[in-house]
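Dear colleague,

Please find the structure below, together with its sequence. I would be grateful if you would read the notes that follow with the structure open.

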Amino acid sequence: MNYLITRLAKAPEINAVWDKAPWCDVSAQTIGGFMGDKPEHLPKTEVKLAYTHQHLFVIFQVQDRYVRAVANHYQDNVCRDSCAEFFFSTGPDIAPGYFNLEINCGGTGLFHFQKALSVDRVPIPEQDFKKIDLAHSLPEIVEPEIEEPVTWTLEYAVPFDILRNYCSFAEPQSEIVWRANFYKCADYTSHPHWLTWSPVDNPIPKFHLPEFFGTLEFE
């Protein structure tokens, strides 16, 4: 899987609105694959990326059901909730490590840098996570579960400077390549699922397999 990240002249307002400018002119990628058995509930999940010289911008939109969010402390197990995840390395080589940025539909996050699952793992301090400008369309806590159809959006801006605290990389510009995958999960909802953008060849659901990351190229 390959995705070209749009370069922006001006940063968007971070307000979790999917169809505003400039996002309305940015192509979306569908997180449509799945791990394990095909789930009964397979929500339509899309993601868009863009960048300026200071920030990487990410927006997810999920047409969902059976939505739940109970984690409300930073570094909680947000993957158990209705959650959108972005795993990425800041270059074409995954060996130095990758970030996993996981945020549930209520805006609670988990953020680590590691070489593989629990290998040389560095939890990103909360003071760095708070430098990410973040907006979400649902409330922080969603309990009881929303069973009827609901569309939710998650948008954030990651400053490149905070990533440099954990690894070195070239300034993003035309033809710079990163590796990445996007996921949608909901482990502890009534209808769990493990969706992936770039296909992962593993018999059971497992997101921490950077060898299956797709490619991001900066415009």
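This is a predicted model: local features need pLDDT of at least 70, side-chain atom pairs count only at pLDDT 80 or more; totals for chains, interfaces and linings use all residues.

Residues are numbered from 1 along each chain as its sequence is written, and side-chain values use heavy atoms, with hydrogens and water left out.

Overall fold

The protein has two helices and 16 strands; these are DSSP runs numbered from the N terminus, helices being H or I with at least four residues and strands E with at least two. The C-alpha trace spans about 45 × 40 × 30 Å along its principal axes. A compact globule of 219 residues would have a radius of gyration near 17 Å, and the 16 Å of the protein agrees with this. That radius is taken over C-alpha atoms, and the globule rule is 2.2 Å times the number of residues to the power 0.38.

Of the 219 residues, 54% are buried. Buried means under 20% relative accessible area, exposed means over 50%, and partly exposed lies in between (1.4 Å probe, protein chains only). Among contacts (heavy atoms within 4.5 Å) with a separation of 6 or more, 68% join residues 24 or more positions apart. The protein exposes about 9700 Å², of which carbon and sulfur atoms supply 48%; accessible areas come from the Shrake-Rupley method with a 1.4 Å probe, and for residues only the protein chains shown count as cover.

The largest pocket

A pocket is found on a 1 Å grid over the protein atoms alone, as an open set of points where a 1.4 Å probe fits, with protein on both sides within 12 Å along at least five of seven lines; lining residues have an atom within 4 Å of a point. The largest pocket holds about 380 Å³ of space, where grid points are joined across faces, edges and corners and the volume is the space filled by probe spheres set on the points.

Its lining comprises 20 residues, and Cys79, Glu85, Glu102, Asp187 and His208 lie nearest its centre. Strands β7 (83–89), β8 (98–104) and β9 (109–114) each supply at least two lining residues, with the largest share, three residues, coming from β9. By class, the lining has nine nonpolar, five polar and six charged residues. Here Ala, Val, Leu, Ile, Met, Phe, Trp, Tyr, Cys and Pro count as nonpolar, Asp, Glu, Lys and Arg as charged, and the others, Gly among them, as polar.

Backbone features

Most residues other than glycine have a negative phi, and most peptide bonds are trans. Gln75, although not a glycine, has a positive phi of about 75 degrees. Gln75 sits in the loop between β6 (67–69) and β7 and counts as partly exposed because its relative accessibility is 23%. Leaving aside residues up to four places away in sequence, Gln75 touches Gly109, Leu110, Phe111, His112, Pro123 and Ile124.

Ser118 also has a positive phi, of about 65 degrees, and is located in the loop between β9 and β10 (122–123).

The peptide bond from Ala21 to Pro22 is cis, with omega near 0 degrees, and Pro22 lies in the loop between β1 (2–7) and β2 (29–30). The bond from Glu143 to Pro144 is cis, with omega near 15 degrees; Pro144 belongs to strand β12 (residues 142–146).

With kind regards
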